[in-house]
Amino acid sequence: MNTPAKPGAFLTDIKTLRARARQHIEQGAITESYKADLPTVLKLLNEALATELVCVLRYRRHYFMATGIAADGVAAEFLQHANEEQGHADEIAARIVQLNGEPNFNPEGLASRSHAEYVEGENLIDMIKEDLVAERIAIDSYREMINYVGDQDTTTKRMLEGILAMEEEHADDLGGLLEKMGS
Ligand SMILES: [Fe+2]
Ligand SMILES: [Fe+2]
């Protein structure tokens, strides 16, 4: 049977905590207790940023190119997703800076840094299918990142979990559209 720990026994004593916080203050939010592998986290976050930016571009293209009988509702969905992907990109970029990294917005190499692809699509159904594929890629890669980061960087993990939940919603929306359109 486990004996209950004395209250506060698992915590660092206040004196050490205070002294530690004074070291390396130039590192801002990154303290000694940050246990994740920072270069890897930053690399993963920059790949996620590229993925979100490519998704913004693809959804925006689809929004402007959506034509046909069912286009109005679908275009509105594309636009909403485009804006939400932009929101994700912003969240990720802000987190990269907080982790003392630099967000990579360089258009050169953007498509190859991204996990998801930029596919224009020939018609409305094609576009929806390509967007669904991209969402499914994003879902898998966010899930992997969440598992990798684990409890070593709970703030990044929480952000990724929030984004993952929204990508799942996006995929579900697109699946619903395809069903409605009988494809
Ligand atoms: Fe996203
Ligand atoms: Fe999405």
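Are H5 and H6 roughly parallel or roughly antiparallel to each other? Select both helices and look along them. H5 and H6 pack at an angle of about 155°, with their axes 9 Å apart; axes are lines fitted to C-alpha atoms, for helices over the stretch in contact, and angles run from 0 to 180 degrees between N-to-C directions. H5 and H6 are therefore roughly antiparallel (under 35 degrees counts as roughly parallel, over 145 as roughly antiparallel, 65 to 115 as roughly perpendicular and the rest as oblique). The crossing of H5 past H6 is left-handed, a term for a near helix turned anticlockwise from the far one by less than a right angle; clockwise is right-handed. Helices here are DSSP runs (H or I, at least four residues), numbered from the N terminus.

A note before the next stop. This is a predicted model, in which local features need pLDDT of at least 70 and side-chain atom pairs count only at pLDDT 80 or more, while totals for chains, interfaces and linings use all residues. Residues are numbered from 1 along each chain as its sequence is written, chains are lettered from A and ligands numbered from 1 in the order in which they are written, and side-chain values use heavy atoms, with hydrogens and water left out.

**The iron ions**

Select the iron ion (ligand 2). Its donors are Glu85 (OE), Glu135 (OE), Glu135 (OE), Glu167 (OE) and His170 (ND1), at 2.0 to 2.3 Å. Donors are N, O and S atoms within 2.8 Å of the metal (3.2 Å for Na, K and Ca); water is not among the atoms, so sites may look incomplete. Along the sequence, the donor residues of the iron ion (ligand 2) follow the spacing E-x49-E-x31-E-x2-H. Glu135 lies in helix H5 (residues 124–149) and Glu167 in helix H6 (residues 154–180), so this pair ties together parts that are 32 residues apart in sequence. Glu135 and Glu167 are buried (under 20% relative accessible area, with exposed over 50% and partly exposed in between; 1.4 Å probe, protein chains only).

Now move to the iron ion (ligand 1). Glu52 (OE), Glu52 (OE), Glu85 (OE), His88 (ND1) and Glu167 (OE) coordinate the iron ion (ligand 1) at 1.9 to 2.4 Å. Glu52 in helix H2 and Glu167 in helix H6 are 115 residues apart, a link between distant parts of the chain. Both Glu52 and Glu167 are buried.

Which residue bridges the iron ion (ligand 1) and the iron ion (ligand 2)? Glu85 does, and the two ions lie 3.9 Å apart.

**The aromatic pairs**

The structure holds 2 aromatic pairs (ring centres of Phe, Tyr or Trp, its six-membered ring, within 6.5 Å; planes under 30 degrees apart count as stacked, over 60 as edge-to-face and the rest as tilted). Select Tyr59 and Phe78: their pair is tilted, 6.2 Å centre to centre with 45° between the planes. Tyr59 is in helix H2 (residues 38–65) and Phe78 in helix H3 (residues 71–98), 19 residues apart. Both are buried.

Next, select Tyr63 and Phe64, an edge-to-face pair with 4.8 Å centre to centre and 65° between the planes. Tyr63 is partly exposed at 27% relative accessible area, and Phe64 is exposed at 62%.

**A loop residue**

Finish at Asn100, in the loop between H3 and helix H4 (110–113). Its phi is near 65°, a positive value in a residue other than glycine. Most residues other than glycine have a negative phi.

Definitions and conventions:
Helices (H or I, at least four residues) and strands (E, at least two) are DSSP runs, numbered from the N terminus.
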